[in-house]
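Subject: Structure for you, with notes on its cavity, pockets and rings

Hi,

Here is the structure I promised to pass on.

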Amino acid sequence: VSSHSPTITAKADLDSLIVLQEQENKITSLSIKKSNLDDINRKYLEKFLDVTRCQLFFANGVILVEGISEALLLPVFSEILGPDYSIEKKGVELVNLNGVAFEHFGKLFNPDNVEIRLNCRCAILTDDDRTDEGEISSRASKAKELENGLLKVQLAEKTFEIELFKAGNNKDILLEIFEEMHPAAAGRIEEGASIDEHAQNFLEKVNSNKSKSELAHCLAIRLESDEGLRDEFTVPDYIKDAIRWV
């Protein structure tokens, strides 16, 4: 069966798939059975690859994110970077892993051997969860070790929300949106002695109100509907690099 259907792909046995891709007028094929995946990777992907996530086999590029906040905002951020970087227009698939199981997906893209990897670029976006001493988490280190071949790993300093808050003048719009959502909690956010402290205090209030996804949703709507705000908004560098890579 030859198909462009993610529905069929999601139902098929993973080892039965042969992926044909065309990049720069060159066609390549990858038999998943001959890929770099081990048995643990295969078992995970067979359970995890639903109809939506199977779109990655048909994409011109892939971005893997760990949560709904990034998934909501990255398409808007790509539009801010300009038409040449629009995820939707360029056929780039955004895959929300709802966690940090990056290895199972990353090994589809990171071999040096072109015959055992998918022939499109992939970027992983994840938090480095660094300590106050600047030491990144072991989870983030393991993700970074995957970087090779067509796979890039871009780490947020501490968290996605802190990177957003610290970039350019974004803090003003984020504080305004949060105040509309939770006025009492917003009034208790202390600025602190630095932008880092202000960002951390902001994130603590967002987390205590379980508002991360709601904040991302509201910001996405504002950016989509307000051209002036889009012009003023600063996309964090690590996200710019990931979008430009794919």
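Ser-69, Leu-73, Phe-160, Glu-161, Leu-164, Leu-174, Lys-212, Leu-215, Ala-216 and Leu-219 line the largest cavity. By cavity I mean a set of points, on a 1 Å grid over the protein atoms alone, where a 1.4 Å probe fits but cannot get out; a lining residue has an atom within 4 Å of a point. The elements giving two or more residues to this lining are α3 (68-80), α6 (160-166) and α10 (212-225), and α10 gives the most, with four. Helices (H or I, at least four residues) and strands (E, at least two) are DSSP runs numbered from the N terminus.

Before I go on: this is a predicted model, where local features need pLDDT of at least 70 and side-chain atom pairs count only at pLDDT 80 or more, while totals for chains, interfaces and linings use all residues. Residues are numbered from 1 along each chain as its sequence is written, and side-chain values use heavy atoms, with hydrogens and water left out.

Back to the cavity. The structure holds one cavity of 30 Å³ or more, and the space in the largest cavity is about 50 Å³. (A volume is the space filled by probe spheres set on the points, with grid points joined across faces, edges and corners.) Its lining splits into seven nonpolar, one polar and two charged residues. Here Ala, Val, Leu, Ile, Met, Phe, Trp, Tyr, Cys and Pro count as nonpolar, Asp, Glu, Lys and Arg as charged, and the others, Gly among them, as polar.

Ser-69 deserves a click. This residue sits in helix α3 and has a relative accessible area of 5%, so it is buried (under 20%; exposed is over 50%, partly exposed in between, with a 1.4 Å probe and protein chains only). A polar atom of its side chain lies 3.4 Å from the backbone oxygen of Lys-212. Leaving out residues up to four places away in sequence, Ser-69 touches Phe-160, Glu-161, Lys-212, Ser-213 and Ala-216, where contact means heavy atoms within 4.5 Å.

Now the pockets, which are open sets with protein on both sides within 12 Å along at least five of seven lines. Of its 20 lining residues, Ser-3, Ile-18, Val-19, Leu-20 and Phe-58 are closest to the centre. β1 gives the most to that lining, with six residues. The second largest pocket comes to about 430 Å³; helix α12 (residues 237-245) gives the most to its lining, with three residues.

Last, the rings. A search of the whole structure finds five aromatic pairs, meaning Phe, Tyr or Trp rings (six-membered ring for Trp) with centres within 6.5 Å; planes under 30 degrees apart are stacked, over 60 edge-to-face, and the rest tilted. Phe-48 and Phe-105 have ring centres 5.8 Å apart and planes at 80°, so they pair edge-to-face. Phe-48 is in helix α2 (residues 39-48) and Phe-105 in helix α4 (residues 102-106), so this pair ties together parts 57 residues apart in sequence. Ring pairs also link Tyr-44, Phe-48 and Phe-105 into a cluster.

Phe-178 and Phe-202 are edge-to-face too, because their planes stand at 75°, with centres 5.8 Å apart. Phe-178 counts as buried at 0% relative accessibility, and Phe-202 is buried at 1%.

Cheers

How values were computed. A polar contact is a pair of N or O atoms within 3.5 Å; within protein, one must be able to donate a hydrogen and the other to accept it, and residues adjacent in sequence count only if both atoms are side-chain atoms.
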